[in-house]
Structures are given as C-alpha cells and as structure tokens.
Amino acid sequence: MLGILELLLHQLIKDFLQNIILIDPENLNESAGSITVEDGRIADIDGAARGMEIDGKGAYLAPGIIDMGVKICEPGERHKESFRSAGNSALAGGITSLVTRPDTMPAIDTPEVLHFFQRRSSESANVKILPIAALTKNLEGTNMTEFGLLKAKGIIGFTDGYKTIQNTRLMSRIMRSAYDLDCLIMQHVEDGELAKDGMVNDGIISTKLGLQGISSLAEKIIIERDLTLLEEFNCRYHISQISSQKSLDVIKKRKEDLEFTCGVSINNLSLNENDIGDFKTFLKVSPPLRSEKDRMSLVNGIKEDLIDVIVSDHKPEDEESKRLPFAQAATGAIGVETLLPLSLELYHNGSLKLKKIIEMLTMNPSKILNIKKGSLKKGFDADICIFDLNKPWVVKANDLKSKSKNTAIEGRKLQGKVLMTFLN
C-alpha cells in the first residue's frame, strides 16, 4: 500500500484517491468513498474521477491531526527537540499542525522572541507551527505580556505552559483583557500550595513509594476559581488538561451555564498510577497519572462531551534529566508520534467510537483555535492523514523521530499505524 500512496505525494494537483474509508468529523461520518484534491485544497468528496486515479486499498483517511499540547525546544534547548525533528515526528504520527507552548529559553513573551520562533519554524519545520505566547513575562506569574501586540503578530492563544496563574487578581485582569481582545486563554490547572513538591498522584502508590503526592483537589480548586471568574468576563477559556473525577464533576455542573473547553492528555487516558511501578521516571508527567477510577472517568467524560480535545502533552527531555532518582527527574514525556495510535487503542478496546476520537483530534481543536482546518469540507486545506486501523506494531524509543526518547510507553503493543501524512 505504501508504494501506491507514495504516488500521491507527486500528484498534489487534481489527484483522485479512491477506495478509502473517509472519516469526516464535520459530518461525523465514516464511509467508503473517494476524495479529490486540487491546488492543495479539498475539491470534492465522492465526486467523479479527475486526474490521476489512486487506489487507497481500503485505508482510512481523516483530516490532519491538530495537536494542542506540544513543546518544541527552540530556542534554547535544541538538543532536546528542534523544529525539524518535531516536524518529522508529527508527520510520522499523522499530525499536520502543532500548537506549541511558550516555555522555551527565552520564553515566547515578546514580539522579538516570537519573530525568531516564527522565522526558524518556517525555515525548518515541515508541518504547520501555531505558536502560543506566554500569559506573563518570563512565565513568572506576575506581569501580563502585551496581548494586543502579540496577537497582531500572529499569536493564536496565551498560556504559561505547565505553570498556573496563582494570583486571582492577576487572573481576573488576564480574563478581562482576553475578553476585550478576543484572545484564547489556556490554563494549566494546579494549585501551587497543594501541589508543592508533589511528584505523583496522592494515594496508595505515593505512600508505597514514599513520594510526595499531588491531590486532585489542586486541580479542582483552580478550575472552580477560574470558572467563577469566567462568569464575570466570559472570555475564550480552555483548560489545558484535566486528570481526575473531581474535576469532571465541576465541569459537568458548569458546562450548563458557561461556555469553555477542556482537554486531556493521552497519557492520562491510557495509563494510571500503577504503571509507575518501581519509580519509572519516564512516567513522571504533569498532571500526574491518577487512579484507574480517574482514568475511566476521563473516558466517560469524552463520551458525555465534557472533554473536547485529546493532546499528546509532548515534552522532550534528554536521558540525563530522566534517568535520575524520581524526586530529581524532570517531568514530561514525548508523545507526538504515538498520539493517534495510542488513541486508537481506545477504539480497539471498545472504550470510544472511532469518529469520536478523530473529532477530538481534528475538528474540535480547529474550532477552539478559530482556524480553518480539521475537516474534509470542500475548500479546506488538504491536510490529510492516511492510516491502517489494524496494523500492529511495538513502540521502540530508538525508532521514534523525536530527538529525545523519553516515551512513557516503551515496549507497548499498539494496533493502528499512520501510513502517510500530507499538507495541502
């Protein structure tokens, strides 16, 4: 099949790909059919053949994935992940757009740093890079960045990455400005005092390992505070990642009268605190892996439309910073290349429908970000992911495209593999 699909790469104008299974999240449709691409845009679905006819051999075709949770380590830590290596990882994983966090060195908090970031990404990345700027200068949580200037330069949203705005007065100012300027705010929800020095979920496993735990209350409290502020300012607000049943309980109550969105990391959907075993530092992530009950509640939260997007939470770290005692090891795991295959695991085990998974990886992110992507609708950019739903494979860190190899699922057997990814 690969040989046939590779022909498509050289026929980007007036190509006709037939005998494929289309997954169109815009119409929540899954059916056998064909797609025509002209001049880099989708021209027709199930239309008459035009140009070169290519047999897709029954592969699945969906819009290119939009990953809303990625760190690229340029500038400052290029040895961990560069634009080029991140782009290669993305293409291997069916991802055509990377929404990148601002916690670089220096942080993306001024137009000058943003300009460098945009220039370097356009030169080196082979996927679309959509940068998010810092909420506060140097991610310190004290002084707001210039929202207006940064938005005018192409920023599509603001976040402080893994840092939470702890000061309520500052958060109210941020939301007021976001409302006035129609900016998207993305918040990592974790109360600093409750999470202080924490490394894993607060529970039996933390006690067993003798590690400081992070209570799910730390997440719940910030969500409750921010949603209370949202009642007053009604800005575009997105909770980057949740990890617990307690958070879902709050979200379920507030979604009836407030408009906001919510994400979840594929790590928290696919792993739990028991996977940490005897101090596996590659599973030290934020938010922490929680109980199996919490994991199942997140899956149910997707079914109930309480969670809007699934992200990779891609955070590259070199081996020197991960192969340390658990308390000293860096937090984070790579996940761009395995986001779709690991998500498909939820389909194969009967947890979620395939079209729901694709919706959360494509259409929903595009709506939150206000970008014209994530759909097979006529006139949209022909960003396309083609995958074999049933192809088995084993995750081997050394085979992944990322410069860093800190995957949380080394050796995991997966079913579903990306065959080809196309932009325009």
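**Figure 1. Lining of the largest cavity in the predicted model**. M68, G69, R101, T159, G161, Y162, M186, H188, H238, S240, Q241 and V311 line the largest cavity of this predicted structure. By residue class, this lining comprises 7 polar, 4 nonpolar and 1 charged residue. The volume of the largest cavity is about 100 Å³, and the structure contains 6 cavities of 30 Å³ or more.

**Figure 2. Surroundings of I185 in the largest nonpolar core**. The largest nonpolar core consists of 96 residues, and I185 is listed with L98, Y237 and F387 as having the most contacts inside it. Helix α7 (residues 217-233) supplies the largest share of this core, namely 6 residues. When neighbours within four places in sequence are set aside, I185 contacts L135, F147, F158, M171, I174 and A178, together with C235, R236, Y237 and H238.

**Figure 3. A separate core of 14 residues**.

**Figure 4. N272 in the loop between α9 and α10**. The loop that holds N272 runs between α9 (266-270) and α10 (292-303). N272 has a relative accessible area of 10% and is therefore classed as buried, the cut-off being under 20%. Its side chain reaches the backbone nitrogen of N274 at 2.8 Å. A polar contact, also listed at 2.8 Å, joins the side chains of N272 and E292. With residues up to four places away in sequence not counted, N272 touches L289, R290, S291 and E292.

Note on methods: Residues are numbered from 1 along each chain as its sequence is written. This is a predicted model: local features need pLDDT of at least 70, side-chain atom pairs count only at pLDDT 80 or more; totals for chains, interfaces and linings use all residues. Side-chain values use heavy atoms; hydrogens and water are left out. On a 1 Å grid over the protein atoms alone, a cavity is a set of points where a 1.4 Å probe fits but cannot get out, and a pocket is an open set with protein on both sides within 12 Å along at least five of seven lines; lining residues have an atom within 4 Å of a point. Grid points are joined across faces, edges and corners, and a volume is the space filled by probe spheres set on the points. Ala, Val, Leu, Ile, Met, Phe, Trp, Tyr, Cys and Pro count as nonpolar, Asp, Glu, Lys and Arg as charged, and the others, Gly among them, as polar. Helices (H or I, at least four residues) and strands (E, at least two) are DSSP runs, numbered from the N terminus. Buried means under 20% relative accessible area, exposed over 50%, partly exposed in between (1.4 Å probe, protein chains only). A polar contact is a pair of N or O atoms within 3.5 Å; within protein, one must be able to donate a hydrogen and the other to accept it, and residues adjacent in sequence count only if both atoms are side-chain atoms. Contact means heavy atoms within 4.5 Å. A nonpolar core is a set of buried Ala, Val, Leu, Ile, Met, Phe, Trp, Tyr and Cys residues joined through side-chain atoms within 4.5 Å.
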